[in-house]
Amino acid sequence: MSSFVTEVLASSGKLEKEDLVSKISKMSRKVEDTKEEVCDMINKRYNEFLPSLQASEELMLQVDVVSKEMDALKACIETEVQENIHVAVTEFTKLKQQLERNTVIIKMLEHLKEFHTAMEEYNKALVEKKYVDAANNLEKARRSMDSLKSWKTSELPLLTALSSELTVQRENLIYHLGDEWKRLVIWKLPPTKDPADEKSVHKVELTLSDASSKDGEPKPPALLCCILQALAIQGELQHKIKLFSQVLLKYMLKPLVKHSSLSVRVSEQQGEGTTLALQCVEAGHEERSAPSQVFSKLHLVLKTLHTHLLDVSIGSKKLSAILAELIWEEMSQCIIHECLVNSIPTDSSELKNYSTVIKETEEFEKALKEMDFLQGDSTDLLKYARNVNCHFASKKCKDVIVAARKLMTSKMHNTVKITPDSKLHLPKLPAPSSGVKLKQEVSKADVLMENSKQLSAWSLHLPACRISESVQQLMELAVKTLCEAVGSSSQSALQLFFTVRNIFQLFYDVVPTYHKENLLKFPHLAAIQHNNCMYLAHHLLTLGHYFRAHLPQPLNEGVATFVDMVPGFRKLGAQCFLTQLNVQKAELLERLSTAHNFCNLDDEDNYIAASKAVRQVIHQLKQLGTVWQDVLPVTIYCKAMGNLLNTAITEIISKIMMLEDISSEDGEHLHTLCQTIIEEGPLVFIPVVEENKNKKYQEEVPLYVKKWSTFKELVIVLRANLQEIVDRWANAKGPLAVEFSSSEVKNLIRALFQNTERRAVALSKIK
């Protein structure tokens, strides 16, 4: 009966469901028991560190058995649910959810198993120095740990212990790898931290040990390859190679580029390895190494490193390529600035020979590409070498500007004599082919249109004067630079031409500022600066015209000119000299201010003060006359001295004219002081060294001193009687009337003479 009931119930599916429920309940209890046992075992192993190898192996087998039972039960339930989905959806859903929870737990247990297995394999590989296997197993353990952490249901205390163990073992592996690296790659560095010290750099050595390599093995040892790959797996290779590259660059590669006296010695000893050592060779005459020498030394170092260290594949890249990414940019810039820059020719005639340097650079880069040190086309190094024309122009421009600034800041008082027949040394340039016929036609037309009245041979010539030797050298530097531009490419010619313009602009800005105090303090330097500016302005008028036709486009189309700078230089020179004249005028007036307005000269103290002031004025003018002698052009000299003398006598005239009462004794003293100026004033005009030639200019004083005739008339009046004064007035037609107004003459008469009928008559005649 029972069997019949059982069959009926089984056919209806109820018994199967009850059986499944009991199975799942039993399975859940079994899973929970297994979970507790596994977690307890793992906790004891990694947290409490209790030995339980046999128990853990049994638990792992138990986990595998439970996992298989769960898979079978899951498949059975899914089949039953599909057959009876319309009958027991809710019940089977609950069962499935419970099953999924159990599945999650089983997966977590599987990851714990994987973690434990990986750690065991890691420890075994580390002991056997199989560093790649150790790194891979440690990476597997890390992935298992990441999977465990992604579940919220994970046991936190257990995960903390596992994570801590993983961190400790990773640091342990990295320490072992670093220790092996130090044993295989040995640096010997100087005690000083300054790599620029040439004496200490030659103590640098790099030893690459090959203790574990086979005899005659022409590549890095197997142990080194394992270390590098293990570091790469753990993500530490980039940091390790970066530290190595910094030391290599600082203590070996850069010193080899910078110091021509350093070379590389490579020595190999069986069982010890290969040693790269820097050594000092006998210093040559050249301070900088030639590019070929630098490339040879660097190639030897990199080739040795490639053979014994860098020829290792890390993933899809060679270790040499990884090192190049870290040091090539800085190394190439060092080669450019410390080597190639100095190899750029300073003269255009040497540019043709520079192709050798370009070829050497190409061969150097080719050798680096063969070692996988470089990839792709030409780098900045080769581009720099190939762009020699531009760099030549830039270097030339820089050198020219530096030389020009040095000349501008040199002492100005070293002078040279310039005469009207002095000429700027301009090179002979070939006549432009397109302009030959035109020149012939123009010359024929000139013959027909020639004017009978010709300009003087000295037209457009500089007058005789002295200029700074540095300014003459500056102009020669400008001419030489323009000559370089004539045979250069269009771009280089533009750079060189505008560098010449910058020279003159620099002079305009720098010299007045740099020598400002001296130009105010020393009249001699102010005169020289005036001449310097006029000299530059004179040659700038024609300098561009002389070179224009021989320069490439667009300079030969009218751009090459300096005429626009001429007014600025003329104004600069004039302002400098006028400022000095104003300083001298102020000093003259200050000296005359001590004369007590030339009043009461019958008092001895007043007369002494006035006499001293006059003597100081004459002395100052004589000093200036001597200082400017043979420096200023004669015309400028006479105008300047005349202006200063005129300032002095104008002040004296105004002081005397302000006097209201001049006694006969005062008049005599005034006459004496003024007569001193009349006698000695012309003697300050000594523009040329030859004394016999100065007489001409001393006789022409009235041409340069505006108030000279007025002053002489005043001196005559100071000693004249009333009748003589009236006669010199001559009804406003005499010489006195030319220099003074009637009111001024009347005031003089009132001051000089007492109030008498004769004075009244004389005053009545002054109209």
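Which helix holds Glu-665? Glu-665 sits in helix H23, which runs over residues 664-680.

## What you are looking at

This is a predicted model, in which local features need pLDDT of at least 70 and side-chain atom pairs count only at pLDDT 80 or more, while totals for chains, interfaces and linings use all residues. Residues are numbered from 1 along each chain as its sequence is written, and side-chain values use heavy atoms, with hydrogens and water left out.

The protein comes to 30 helices and eight strands. Those elements are DSSP runs numbered from the N terminus: helices are H or I with at least four residues, and strands are E with at least two. Of the 767 residues, 43% are buried. Buried means under 20% relative accessible area, exposed means over 50%, and partly exposed is in between (1.4 Å probe, protein chains only).

The protein exposes about 41,500 Å², and carbon and sulfur atoms supply 52% of that area. Areas of this kind come from the Shrake-Rupley method with a 1.4 Å probe, and for residues only the protein chains shown count as cover. Now for contacts, meaning heavy atoms within 4.5 Å. Among contacts with a separation of 6 or more, 77% are between residues 24 or more positions apart.

## A negative patch

Back to Glu-665: it gathers with Asp-602, Asp-603, Glu-604 and Asp-605 in a patch of negative charge on the surface. Patches are made of residues with over 30% relative accessible area and no salt bridge; like charges are joined within 9 Å, and nonpolar side chains (Val, Leu, Ile, Met, Phe, Trp, Tyr) within 5 Å. Glu-665 has a relative accessible area of 42%, so it counts as partly exposed.

As for the bookkeeping, Lys and Arg count as positive and Asp and Glu as negative, while His and the chain ends are not counted. The place of a charge is taken as NZ of Lys, CZ of Arg, CG of Asp or CD of Glu.

## Salt bridges

How many salt bridges are there? The count comes to 18, where a salt bridge is a side-chain nitrogen of Lys or Arg within 4 Å of a carboxyl oxygen of Asp or Glu. One of them pairs Arg-170 with Glu-236, at 3.6 Å from N to O. That pair links distant parts of the chain, 66 residues apart: Arg-170 is in helix H6 (residues 156-184), and Glu-236 is in the loop between helix H8 (222-233) and helix H9 (237-258). Arg-170 is partly exposed at 26%, and Glu-236 is partly exposed at 21%.

Asp-311 and Lys-318 meet in another salt bridge, at 2.7 Å from N to O. Asp-311 is partly exposed at 29%, and Lys-318 is partly exposed at 25%. Glu-325 and Lys-317 also pair up, at 2.3 Å from N to O. Here Glu-325 counts as exposed, at 53%, whereas Lys-317 is partly exposed at 33%. Elsewhere, salt bridges that share partners join Lys-129, Glu-180 and Arg-183 into one network.

Is Gln-529 buried or exposed? With a relative accessible area of 1%, Gln-529 is buried. Leaving aside neighbours within four places in sequence, Gln-529 is in contact with Met-412, Phe-507, Val-511, Leu-519, Leu-572 and Cys-576.

Ser-263 belongs to strand E3 (residues 262-269) and is buried too, at 14%. Not counting residues up to four places away in sequence, Ser-263 touches Leu-256, Ala-277, Leu-278, Gln-279, Val-281 and Lys-297.

Helix H12 covers residues 355-370 and includes Glu-363. Glu-363 is partly exposed at 46%. Glu-363 and Phe-295 are 68 residues apart in sequence and 9.1 Å apart in space, C-alpha to C-alpha.

Thr-356 lies in helix H12 as well, and it is partly exposed at 44%. Thr-356 and Pro-291 are 65 residues apart in sequence, with 9.8 Å from C-alpha to C-alpha.

## Two positive phi angles

Most residues other than glycine have a negative phi. Lys-129 has a positive one, near 60 degrees. Lys-129 is in the loop between helix H4 (89-127) and helix H5 (131-149), and it is partly exposed at 47%.

Ala-732 also has a positive phi, near 65 degrees. Its place is the loop between helix H27 (722-729) and helix H28 (735-739), and Ala-732 is partly exposed at 42%.
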